[in-house]
Amino acid sequence: MRTRLDRLRTARLPRDLHPVAWWLWAIGLAVAASFTTNPWLLLLLIGVACLAVAARRSSQPWADSFRLYLWLGVAIVVIRVLFRILLGGGDGGRVLLDLPQIPLPDWTLGLRLLGPVTSESLLAGLYDGLRLAAIVICVGSANALANPKRLLRSVPPALYEIGSALVVAVTVLPQLADSLRRVRAAQTLRGGDTGRVSGLRRLVVPVLEDALERSLALAAGMDTRGYGRATGATPRARRTTGALMVLGLCAVCVGVYAGLDSTTPPWLGRPMLALGALVSVVAVRSAGRRVGRSRYRPDPWQWPETVVAASGLMAGVAGWWMSRHQLTVAYPPLTEAPALSLLALVAEGVALAGALCAPPVEASVTTAPVEAGAAA
């Protein structure tokens with residue numbers, strides 16, 4: 001009993017949570033956001049992501065990228081509403097602004113420029129933009145909380161090439177944020193012209209150059225260490241692995257098509273999808289044996305990781321259930337005020353509580369390195 005209690009206490013010591021747990025948590029929030037247009041529910045999801053990042057982010061460079069995702073979400077909402085006004089405010093409803101309409105040719109298939117702007121059309125643009133912004137911010141929270149290098153080590157060996165591409169793609173904004181911080185520190189020490197146009201030119205060019213150089217250095221280092229290189233395998237093993245992968249993907253495609261088409265027989269839907277997923281997992285494990293990889297210190301998966309991942313997945317499941325059984329809550333009418341249900345509040349509370357169950361990050365003293373050529 002004492003040993004079990006010691007393990008529970010040790011799991012809460014300051015450390016970095018497993019990156020897969022943060023990504024599962026964020027994906028659950030993003031799934032919940034994709035199943036609703038309720039602005040209150042979407043704002044709650046954004047608030048949960050912001051509170052989790054504020055409470056559990058580290059002092060590493062990628063943690064500073066979350067504000068970029070917030071600004072990107074604001075830009076998405078503004079652009080979505082502006083497009084609603086520019087391409088016509090909709091037919092019917094209460095007119096808020098009567099703009100002159102610009103006629104377009106018949107081949108535009110109903111599109112128009114300007115015209116009367118109704119309150120329903122503005123709300124529809126606001127709801128759609130807020131949903132996309134919530135998905136982007138939820139993904140950004142995982143990008144700010146999870147260590148991308150540790151995430152790359154958690155990728156299965158057979159998916160190393162794909163995993164490296166995904167990790168590089170999701171760390172673009174964190175890398176730009178780190179470069180921006182370093183270049184600003186260097187320019188502050190050097191002084192010089194601080195005008196808007198010249199200052200922007202002195203800032204953008206070094207940031208892009210520094211980010212590109214770091215990406216090339218990372219690629220060169222990975223290639224030097226033999227990253228993702230496959231060991232020797234017999235031709236028979238390669239053909240077997242390839243055949244299993246092709247069969248699994250074909251079964252998954254057939255299962256997805258059968259699930260979307262109601263005229264197909266029942267045995268061609270979920271059974272084929274499950275069979276394809278099983279065969280694909282077997283193929284991935286078989287292909288992973290050909291990749292030689294060693295781990296010096298495997299990332300631990302303890303009870304806080306399980307709680308964090310489960311809370312996010314529960315929020316996603318709750319969002320999916322509300323889209324099926326609580327339509328007025330998930331998709332509120334444009335003519336009525338949106339409302340919340342008890343399930344929605346409980347799901348957001350569980351997601352926030354699960355994120356706060358993560359252990360606090362290790363306190364570290366970081367300094368902003370200033371390179372001589374960063375602001376050249």
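This is a predicted model: local features need pLDDT of at least 70, side-chain atom pairs count only at pLDDT 80 or more; totals for chains, interfaces and linings use all residues.
Reader: How many helices and strands does the secondary structure of the protein chain come to?
Author: The protein chain has 376 residues, of which 37% are buried. Its secondary structure comes to 14 helices and 2 strands.

Reader: Are helices H3 and H5 roughly parallel or roughly antiparallel to each other?
Author: Helix H3, residues 39–56, packs with helix H5, residues 119–145, with their axes 9 Å apart and at an angle of about 15 degrees. Angles under 35 degrees count as roughly parallel. The two helices, H3 and H5, are therefore roughly parallel.

Reader: How do the residues of the contact of H3 with H5 divide into nonpolar, polar and charged?
Author: On the H3 side the contact includes Leu-42, Ile-46 and Arg-56, while H5 contributes, among others, Tyr-127, Arg-131 and Ser-141. The residues of this contact divide into 13 nonpolar, 1 polar and 2 charged.

Reader: Is Val-136 buried or exposed?
Author: Val-136 has its place in helix H5, and, leaving aside residues up to four places away in sequence, Val-136 touches Tyr-69, Leu-72 and Ile-76. Buried means a relative accessible area under 20%. The relative accessible area of Val-136 is 17%, and this residue is therefore buried.

Reader: What distance separates the C-alpha atoms of Val-136 and Ile-46?
Author: Along the chain, Val-136 and Ile-46 are 90 residues apart. Their C-alpha atoms are separated by 9.6 Å.

Definitions and conventions:
Residues are numbered from 1 along each chain as its sequence is written. Side-chain values use heavy atoms; hydrogens and water are left out. Helices (H or I, at least four residues) and strands (E, at least two) are DSSP runs, numbered from the N terminus. Buried means under 20% relative accessible area, exposed over 50%, partly exposed in between (1.4 Å probe, protein chains only). Axes are lines fitted to C-alpha atoms, for helices over the stretch in contact, and angles run from 0 to 180 degrees between N-to-C directions. Angles under 35 degrees count as roughly parallel, over 145 as roughly antiparallel, 65 to 115 as roughly perpendicular and the rest as oblique. Contact means heavy atoms within 4.5 Å. Ala, Val, Leu, Ile, Met, Phe, Trp, Tyr, Cys and Pro count as nonpolar, Asp, Glu, Lys and Arg as charged, and the others, Gly among them, as polar.
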